[in-house]
Amino acid sequence: IAMIKESQPHTVSTVRFQDITVIVHGPVLDQAAPGAPQGMTLAAVQSVRKILPGAKVVISTWAGSAAEGLGADQVVYSEDPGCLPYAPKERPNNVNRQIVAMRAGLGLADSRFVLKLRSDTILVSDGMIRQWGRFQVRNPHLRVFEQRVITSAFLTYHPRVCFQGGRFTPFLFHVNDMIQFGLAGDMRKLWVIPLMPTADFTYFTAGELEGKVDKVANRRVPEDYIWTSALTAAGFSSNDSWADFRPELIPVSELSIVNNFHLLDQTDMGFLCLKYPEFARNHHLIDTPYFTSEEWLTLYGLYCDPSAPRPPRPARLTRARIKDALRSLMQVHRLGAYLKRASRPARHRVKEALRGLRLWK
């Protein structure tokens, strides 16, 4: 892909909270959690009132839910489209639920900006709001949005790092869908899309998945279905399925992400998922090749603005980095202990066999 720089005036975000509609989407969760003694969805609404005073709050949930007393400005109810599993006996793929809830919520968004917030997630700062509009230079190719949508680097797969690591099946066009902030028009381009067809939930057979680390029977996972659907609607092509990770598609995936999204580290985003507070640290026992904000900035310089500053190298160890390193070591230790326990019956049988041959005392 030829990189052609397109200059635009650099602006600093001056977003007014009154110009934001926050769509709190999903089921109404009244379960208590640390920091949410009266329920997670109520805590989500209250966090918006505290962090973004003046923002409009819309709850988009399912018919039959009790959302009227949670303090939102408006509530919209939709019929639950249901879900199907990623594969037999696997967790559910909720992509159509997200699309239906976001589409209904966007119908009530009459502001310039929209923030997507799960009903089990709270805001802890306005970090993503303050970051909006920082990087203005765009590549003329693969432009879907008027401005970049901000989302978390966590759970956004870095295509090239996936290939280099080789430990996990690479995912292309895979963008975090937990929380997003951008212009209302751009959020409509991202979320007013067709539902994932029922046939796509059983697209692959067990035989077709043989040898792949991620044995997902669905044609796509939510993150890449949403983004590739928006690309298709804008007239761009992508890959055929999550299992289509041809090397020539890597730069296409990279450019589509860096040119339309601004990826921030989770701590800079300013949110916490109450349902999975340690999700970012425990999603995989061994590091998975997700983006970091530094890696996004590197691609921004490669594809969009060669004059952009290079991401700084860490000059010293910080307390946070030491804690992360120790936590990673503990995860490896736990993995080793698990494998030792799991292999105990087999090891016992081997020892008994060797004793029978007088090779083990």
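Guide: Let's begin with a term: a polar contact is a pair of N or O atoms within 3.5 Å; within protein, one must be able to donate a hydrogen and the other to accept it, and residues adjacent in sequence count only if both atoms are side-chain atoms. This is a predicted model, where local features need pLDDT of at least 70, side-chain atom pairs count only at pLDDT 80 or more, and totals for chains, interfaces and linings use all residues. Residues are numbered from 1 along each chain as its sequence is written, and side-chain values use heavy atoms, with hydrogens and water left out.

Our helix is H2, residues 95-106. Helices (H or I, at least four residues) and strands (E, at least two) are DSSP runs, numbered from the N terminus. The expected span of a helix is 1.5 Å times one less than its number of residues.

Start with Asn-93, in strand E5 (residues 92-93). A polar atom of the Asn-93 side chain lies 3.0 Å from the backbone nitrogen of Val-95, and the side chain also reaches the backbone oxygen of Arg-220 at 3.5 Å. Asn-93 has a relative accessibility of 1%, so it counts as buried; buried means under 20% relative accessible area, exposed over 50%, and partly exposed in between (1.4 Å probe, protein chains only).

Now for the helix itself. Ten of the twelve residues of H2 are buried, so the rest of the structure largely encloses it. Among them are Val-95, Ile-99, Met-102 and Leu-106.

One partner is helix H5 (residues 184-191): the two axes come within 10 Å and cross at roughly 150°. Axes are lines fitted to C-alpha atoms, for helices over the stretch in contact, and angles run from 0 to 180 degrees between N-to-C directions. H2 and H5 are therefore roughly antiparallel, since angles under 35 degrees count as roughly parallel, over 145 as roughly antiparallel, 65 to 115 as roughly perpendicular and the rest as oblique. Where they meet, Gln-98, Ile-99, Met-102 and Leu-106 of H2 are in contact (heavy atoms within 4.5 Å) with Met-187, Arg-188 and Trp-191 of H5.

Finally, Ser-111 sits in the loop between H2 and strand E6 (113-118). Ser-111 is buried, at 15% relative accessible area. Its side chain makes a polar contact of 2.6 Å with that of Thr-21 and reaches the backbone oxygen of Phe-113 at 2.8 Å.
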